[in-house]
Each structure stands twice: as structure tokens, then as C-alpha cells.
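Please examine the sequence and the three-dimensional structure shown below before reading on. The report that accompanies them is arranged by topic.

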Amino acid sequence: MYAAALSASLDLGTPGPGVLPRGPSRDSLWSSSFARSRTVPAAFGTVAGRSSLGRAVPRRISALGAVGQDGYALKEELDDSPVSVELEPIGSESQFDRVVAEAQQLEESVIVVWMASWCRKCIYLKPKLEKLAADYYPRLRFYCVDVNKVPHKLVARAGVTKMPTIQQLWKDSKKQAEVIGGHKAYLVVNEVREMIENECSTA
């Protein structure tokens, strides 16, 4: 008698009190719960990329999951455009000359951001300029120069006399325009964007 009672309690085919019977309603509840708790595999989490124009920070992938009777289906929507592009550092006068010369050969412009490690405004502004660089990636290259790590001759040649950050647009091996970043970051970014758009419209 005890064995019969134990067997009845372990019978998974017979739902007990408060247990939904196997069927569409139970399956749908299980499916919705599974869909909410399912995590997207790491392979679908980011799109990585590196270019000679600077390191691109990837956008995330938006993924939609659906669970049915036949298992788990993953639908992915890729967006491989970066949200920011790291400013590529220039560490010598010869490298600067090479960057400018290559841009001239390709009939392109480059943005050169002059900054210093001790300049708080420069440090604050840099990630915002990297987001701006993503808007023009890869057709416009953005570089940065730490004025304390290059010869003063190069700094003087570019006409940089003070901090905070100075953004310059170079084309045909010449400085065409510049923006001095002494005011609010969003205003500086807007002025740099305007400088770029003006150059593009006259090119």
C-alpha cells in the first residue's frame, strides 16, 4: 500500500493541485518565461573592428528571440558602424608629415586634435570628439597630438600657442581651419562639425 501511494505521488503524467496540465496554455507560459530568461550568446553581443584609422568601439547587436514548440530561434540585427573611433596618436614630427602627406595624396582632409595630458578640458573633451569621429568614419581621419610628447618645433609649426584643446583641419599639407576648445564641450563639438561640413561643401 505504501509502495502504491509512493508510485502515485511520483507519477509525472498526472498533474497535481495547482499544476497546469500539459497542453497549449502550459506550453505558452513556459515559452514566454524561457524567452524572458534566455540570454543571447556572447558571440552575438558585439561587433568588433580595428582599422588603421583608429580603434573602433563596436555597437551592440540587438537580438530578438522567439521560442516555439520546435525549439529556440534567434534573429539578429547587426549594426557594425562604431559608436566611437579612438583618436590615433601622433608621436613625432616625421609621423605628422607622413599623415599629412598621405592625406594630400588621397585628396582627403584630416582632423588633428592638439592636447596635453595635464589639461582637464582636453581629457573631458576627447571621448566626445571620438564619438564625432565615428560620424565621419572611415572617410575622415582623426588624430591627436600630445604637445608634451612631440618637439616644440612641430607645435610652433602648427600654430598651437596655448591649451585647452585645439582642433585643426589639414588639407593639401596646410592648416585650413581650427577650433579652440575653451568653452562647453557640446559647443566645441558643434563647431568642429561645422568646420568639417564647411570644408566638405567647398571641396
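## Basis and overview

This is a predicted model, in which local features need pLDDT of at least 70 and side-chain atom pairs count only at pLDDT 80 or more, while totals for chains, interfaces and linings use all residues. Residues are numbered from 1 along each chain as its sequence is written, and side-chain values use heavy atoms, with hydrogens and water left out.

Contact means heavy atoms within 4.5 Å. Among contacts between residues at least 6 apart in sequence, 68% join residues at least 24 apart.

## Helix H3

Helix H3 comprises residues 93-105, 13 residues in total, and spans 18 Å from its first C-alpha to its last, close to the 18 Å expected at 1.5 Å a residue. The expected span is 1.5 Å times one less than the number of residues.

The buried residues of H3 are Glu93, Gln95, Phe96, Val99, Val100 and Ala103. They cover an arc of only 165° around the axis, which puts them on the same side of H3; the arc is that of the directions from the helix axis to the C-beta atoms. An α-helix has 3.6 residues a turn, so residues three or four places apart point the same way. The buried residues of H3 pack against several elements, including strand S7 (110-115), strand S8 (141-146) and strand S9 (166-171).

## The nonpolar core

A nonpolar core is a set of buried Ala, Val, Leu, Ile, Met, Phe, Trp, Tyr and Cys residues joined through side-chain atoms within 4.5 Å. The largest such core holds 44 residues, of which Trp114 and Phe142 touch the most other members. Among the elements that give two or more residues to this core are H3, S7, helix H4 (120-135) and helix H6 (185-202).

Beyond its neighbours within four places in sequence, Trp114 is in contact with residues including Phe96, Val145, Leu154, Met163 and Ile166.

## Aromatic rings

Rings of Phe, Tyr and Trp (its six-membered ring) pair if their centres lie within 6.5 Å; planes under 30 degrees apart count as stacked, over 60 as edge-to-face and the rest as tilted. The structure holds two aromatic pairs. Phe96 and Trp114 form a tilted pair, 5.9 Å centre to centre with 50° between the planes. This pair links helix H3 to strand S7, its members being 18 residues apart.

The rings of Phe96 and Trp170 have their centres 5.1 Å apart and their planes at 90°, so this pair is edge-to-face. Here Phe96 in helix H3 is linked to Trp170 in strand S9, 74 residues apart. Phe96 is buried, with a relative accessible area of 1%, and Trp170 counts as buried at 5%. Phe96, Trp114 and Trp170 form one aromatic cluster.

## Backbone details

Most residues other than glycine have a negative phi, and most peptide bonds are trans. Glu107, in the loop between H3 and S7, has a positive phi of about 60° although it is not a glycine. At 69% relative accessibility, Glu107 counts as exposed.

The peptide bond from Tyr137 to Pro138 is cis, with omega near 0°. Pro138 is placed in the loop between H4 and S8.

Methods: Helix = DSSP H or I, 4+ residues; strand = E, 2+ residues; numbered from the N terminus. Buried < 20%, exposed > 50% of the residue type's maximum accessible area, 1.4 Å probe, protein only.
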